[in-house]
Amino acid sequence: MISPTRLQKLAKEHGTPLFIVDHDALRKAYRTFRKHLPRIQVYYAVKANPDPAIVRTLFQEGASFDVASMPEFMIVHENIKRLPAKERQEWIWDKIIYANPTKPTETLEELNQYKPLVTFDNLEEIQKIKQHAPNAGLVLRLKVPNTGAMVELSSKFGASPGEAVDLILEADKAGLGVEGISFHVGSQTTNFENYVQALNLSANIFQEARERGYTKMNLLDIGGGFPAPYDDTVKPFEMLAKVINTELDRLFPKEIQILAEPGRFLAAVSGTSVAKVIGKAVRDGKTCYYINDGVYHTYSGVIFDHCKYPVKAFKKGPTSLCSVFGPTCDALDVVSMAENLPDLQRGDFVYSVNIGAYSHASATYFNGFPPAKVVHVNQ
Ligand SMILES: Cc1ncc(COP(=O)(O)O)c(C=O)c1O
């Protein structure tokens with residue numbers, strides 16, 4: 001973690017609100033993932049924080065990428081655009097997955113020239129891909145239990161296990177190549193059983209496909225969901241890795257290529273925000289601090305990501321239960337109704353750690369307040 005002294009120095013130097021990206025923390029998270037899940041190729045889910053500098057650092061670490069829109073694809077492509085055409089093509093095939101199951105036809109037409117892997121989960125999408133991106137490789141997105149995940153995804157995405165092989169065979173009949181299966185157990189999954197169930201379901205689909213004559217699948221994409229260490233209730237990553245490694249080795253022969261799409265696990269720890277107290281009031285006996293960052297900005301994850309980010313003070317002293325509000329004129333702009341903070345004055349800085357994922361990425365210009373300035377350290 002960046003020291004409190006350095007955070008305050010950066011805030012004084014650059015102004016607030018400030019969003020600080022620590023590339024050492026990013027590299028460390030990537031290496032931890034690789035170390036404990038050595039069989040897995042890591043596709044960073046760009047949506048968690050699409051900052052080109054983050055993509056660049058992970059590219060230099062040897063990461064692969066999960067993109068979900070054409071602009072995200074182009075952020076990654078920027079790093080390989082000077083490679084010779086054949087090499088570039090191979091890199092895309094090996095290291096990018098377009099993991100948004102539903103794609104506009106215009107996107108498919110643009111993607112076709114790059115020949116990436118794309119996910120799908122229904123018949124309509126097979127027809128669209130056949131017509132607009134026949135060069136793409138296909139990966140079936142399977143619906144799996146998201147029990148207890150902070151962000152549930154299974155009601156929007158995924159073919160049910162009962163229809164999975166029918167869809168694989170339909171795609172094959174349409175002349176498309178289905179390379180494998182993907183799933184997502186829900187973001188910030190602290191219930192490791194979700195992975196166990198999803199891996200077992202996937203193994204069953206592989207087997208059913210083989211029994212019904214489809215033997216071309218060689219890839220399993222276990223998605224994202226790996227929990228960031230937001231608090232002490234999150235069990236260590238090593239424990240989850242052990243569970244996953246055991247199931248992978250039990251269920252999937254070595255020839256099956258395993259990939260994952262972590263977003264939050266890599267990005268969360270890389271981000272720290274610093275804001276300034278711009279106002280203070282006492283309402284119903286409770287101190288309320290107004291700061292110059294809020295839920296329309298770096299704290300957008302409070303709304304979109306169902307995430308809480310404790311607000312900390314640099315100042316020491318006896319604390320009381322306070323509210324922290326964002327700067328806009330909207331009553332929804334509540335960072336927290338319950339923070340233990342010391343007595344702060346206008347101009348004092350506050351900060352939040354582990355705020356790198358789904359935060360600055362979904363900041364808006366609402367109410368005329370621009371997103372926080374971004375500063376990269378240890379790049
Ligand atoms: C298809 C897909 N892959 C990966 C991710 C990243 O998930 P996480 O940030 O939980 O690792 C998401 C997040 O929504 C997703 O939709």
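Predicted model: local features only at pLDDT ≥ 70, side-chain atom pairs only at ≥ 80, totals over all residues.

Me: Which residue in strand 7 is the bridge partner of V139?

Reply: V139 is paired with G180 of strand 7.

Me: In what order do the 8 strands close into a barrel?

Reply: The order is 2-3-4-5-6-7-8-9, with parallel pairing. On average, neighbouring strands of this sheet are turned by 30 degrees against each other, direction ignored.

Me: How are two packed helices described?

Reply: One gives the angle between their axes and the distance between the axes. Here, helix 2 (residues 23-36) and helix 3 (residues 52-61) have axes that come within 10 Å and cross at roughly 45 degrees. Helix 2 is therefore oblique to helix 3. Their crossing is right-handed.

Me: Which residues of helix 2 and helix 3 meet?

Reply: Helix 2 contributes H23, L26, R27 and Y30, which meet I54, T57, L58 and E61 in helix 3. By class, the residues of this contact comprise 4 nonpolar, 2 polar and 2 charged.

Me: Turning to the ligand, which residues around the ligand come nearest?

Reply: There are 16 residues around the ligand, and of these A45, S187, G224, G263 and R264 come nearest.

Me: How many residues of each class does the shell around the ligand have?

Reply: The shell holds 7 nonpolar, 6 polar and 3 charged residues.

Notes
Residues numbered from 1 in each chain as written. Axes fitted to C-alpha atoms, helices over the stretch in contact; angles between N-to-C directions. Helix = DSSP H or I, 4+ residues; strand = E, 2+ residues; numbered from the N terminus. Parallel < 35°, antiparallel > 145°, perpendicular 65-115°, else oblique. Left-handed = near helix turned anticlockwise from the far one by under 90°. Contact = placed C-beta atoms within 7 Å. Nonpolar A, V, L, I, M, F, W, Y, C, P; charged D, E, K, R; others polar. Near = placed C-beta within 6 Å. Pairing = 2+ DSSP bridges.
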